[in-house]
Amino acid sequence: MDVNKVVLKLRGLALPLALLAVWWIITKNEWVSAVFLPPPETVAATCVKLLLKGKIFVDLNESITKVAQGFLIGITAGFVLGTAMGLSSTIEKLFGPLFNAVRQVPILGWIPILILIFGLTELAKIIFIALGAFYPMTLNTFDGCRQLKKEYLEVARVFEFNKPRLLWRFILPSALPSILSGIRVSMSEAWMLVIGAEIFFKTRGGLGDMMWEAKSKVQMDIVFITILIIGLIGFILNHVMKILENRLLRWRSSN
Amino acid sequence: MKKVITLILGLVLPVLILIGMEVVARFELTTSQLFVEPKVIFETLVDLIKGDELFINLGISTLRVFIGFVLGAAAGLFFGTVMGISRTFESYVGPIFNALRQVPVLAWIPLFIIWVGIDEGFKITFIAVTAFFPMALNTCEGVKGVSKSHLEVGAVLEINRFKQLSTIIIPASLPAIFTGLRLVLSITWMAVVGAELVASSEGIGYMMYRARQQLQVDTLLVCILAVGLTGYVMNILLEQIEHYFLRWRKVAG
């Protein structure tokens, strides 16, 4: 059994290693200009240099600060609207159609108008990220709130629970799985959009800008490294959220 | 009666917003040139519908989405199916696929611009790549989810691999495939706007970019409306296709 697992792991490494070998051979024989495909050792050396120089951490910090702000605003607003729509069908009928109409616009389509209204400011970028986090959070919270079983509602009625208590004891716990996955989806959306914001708003600072500048100067090695770092951080965020989800939902597996 | 009330409630907020804008316009509460009266927006809407510009740009973007969508979704469908059927293939390719999938799609833009340039090829490549990953993932999961008992029936009847694929695996994973297609449609529609905002001289994204530079808020709003509406219509079309292909499910369920 264990041997099988090791074999599977090794197989997973085969293709990346083969690609690395092909990459190395191509650059060694200069079949492709180093401008478009720098040798692996150059990329590794640049990576070490960047990490030692430390500017990358400043950019990283800037991106993460922006994501954190936009994400928090977005999921808070999404949680409030989602819960309100889930609890009251009047609110759902009031806000639902407008929400669904606005949601049809691809998120990047809001960029020009955000730039017009707020200029090339941090605020514009944060609103943009918040909007991206807002949609999935609202939808997931709303869905979650509506998943409450009828029996539970009846129990609550028998015990004459008031609304806040009903919300706190029944609705939110049963909506929790859906809310948590909403948070996770919102987070990965926000992480993508911060890179987008830094690229499309064309402002200084952040990993997206670092990437864009490297593109303009055709520094392929830096482009590779930033893609790697951006992917890695997205992965870590997602993974941490999943662990958190499992922790918070442990009580569910017992029944 | 209930439907009418629902409809009216849904219109309350949009109407309030319009009234608010009209009030601001009537009493001249702002001097900002960014503010436009509802009347002006409506006039621009009528003008743009009468003219060609909006439809030409929309058509160009739609064509790009279509080409990228077909290429990316076809590749994703093929790749996902093979990965779902063959454990060996998955053990070799799965890890690198999952690693690449972690990269947020917008982060590929600089790489593609250097490798492919900023022409049509770049837009199509970018759109196709954004389509590929979710499509492959959904297909793979759909294929893996095919019920064992169905496959066993196939084994008993001794059908060959090709027939197994066409009569059991693909029909059974169609729901997952359509979920993937719908997801891909909305992602590619976003990707085309992104690609056109970055580098283009035509298309709806470019029209928005130019409207922003010329401070034409009314044109910009009409473009946003057009983009949203087109996406919505494409989604409905896809849903109809899905209903058609999955009509056997209703009978079974």
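F134(A) lies in helix α6 of chain A, where helices (H or I, at least four residues) and strands (E, at least two) are DSSP runs numbered from the N terminus. Is F134(A) buried or exposed? F134(A) counts as buried because 28 C-beta neighbours lie inside 10 Å. By definition, a residue is buried if 20 or more other C-beta atoms lie within 10 Å of its own, exposed if 12 or fewer, and partly exposed in between, with C-beta atoms placed from the backbone.

The model is predicted, and local features need pLDDT of at least 70, side-chain atom pairs count only at pLDDT 80 or more, and totals for chains, interfaces and linings use all residues. Residues are numbered from 1 along each chain as its sequence is written, while chains are lettered from A and ligands numbered from 1 in the order in which they are written.

Let us stay with F134(A). Leaving aside neighbours within four places in sequence, F134(A) is in contact with G74(A), A77(A) and G78(A); contact requires C-beta atoms, placed from the backbone, within 7 Å. The C-alpha atoms of F134(A) and A77(A) are separated by 6.5 Å, although these residues are 57 residues apart along the chain.

How confident is the predictor in chain A? The average pLDDT of chain A is 90, and 98% of the residues score at least 70; pLDDT is the predictor's confidence in each residue, from 0 to 100. Within chain A, confidence is highest in helix α6 (residues 122-145), at 95, and lowest in helix α11 (residues 250-254), at a mean of 69.

Chain A is divided into domain 1 (1-32) and domain 2 (36-254), with bounds that come from an automatic or database domain assignment. The C-alpha centres of these two domains of chain A lie 33 Å apart. Their contact takes 6 residues from domain 1 and 4 residues from domain 2 of chain A.

I now turn to chain B. Its secondary structure comes to 11 helices and 0 strands. The C-alpha trace of chain B spans about 80 × 60 × 30 Å along its principal axes. Of the 253 residues in chain B, 37% are buried.

Which residues have the most contacts inside the largest nonpolar core? They are F128(A), I129(A), I127(B) and C223(B), in a core of 118 residues. A nonpolar core is a set of buried Ala, Val, Leu, Ile, Met, Phe, Trp, Tyr and Cys residues joined through C-beta atoms within 7 Å. Not counting residues up to four places away in sequence, I127(B) touches several residues, including R64(B), V65(B), T188(B) and A195(B).

The contact between the chains comes next. It takes 42 residues from chain B and 45 residues from chain A. On the side of chain B that touches chain A, the largest share, 7 residues, comes from α10(B).

Finally, consider two loop residues. Most residues other than glycine have a negative phi, and most peptide bonds are trans. V218(A), which is not a glycine, has a positive phi of about 50°, and V218(A) is found in the loop between α9 (207-216) and α10 (220-248) of chain A. V218(A) counts as partly exposed because 13 C-beta neighbours lie inside 10 Å. E158(B), also not a glycine, has a positive phi of about 55°. E158(B) sits in the loop between α7 (148-156) and α8 of chain B, and E158(B) is exposed, with 7 other C-beta atoms within 10 Å.

How values were computed: Two residues are in contact if their C-beta atoms, placed from the backbone, lie within 7 Å.
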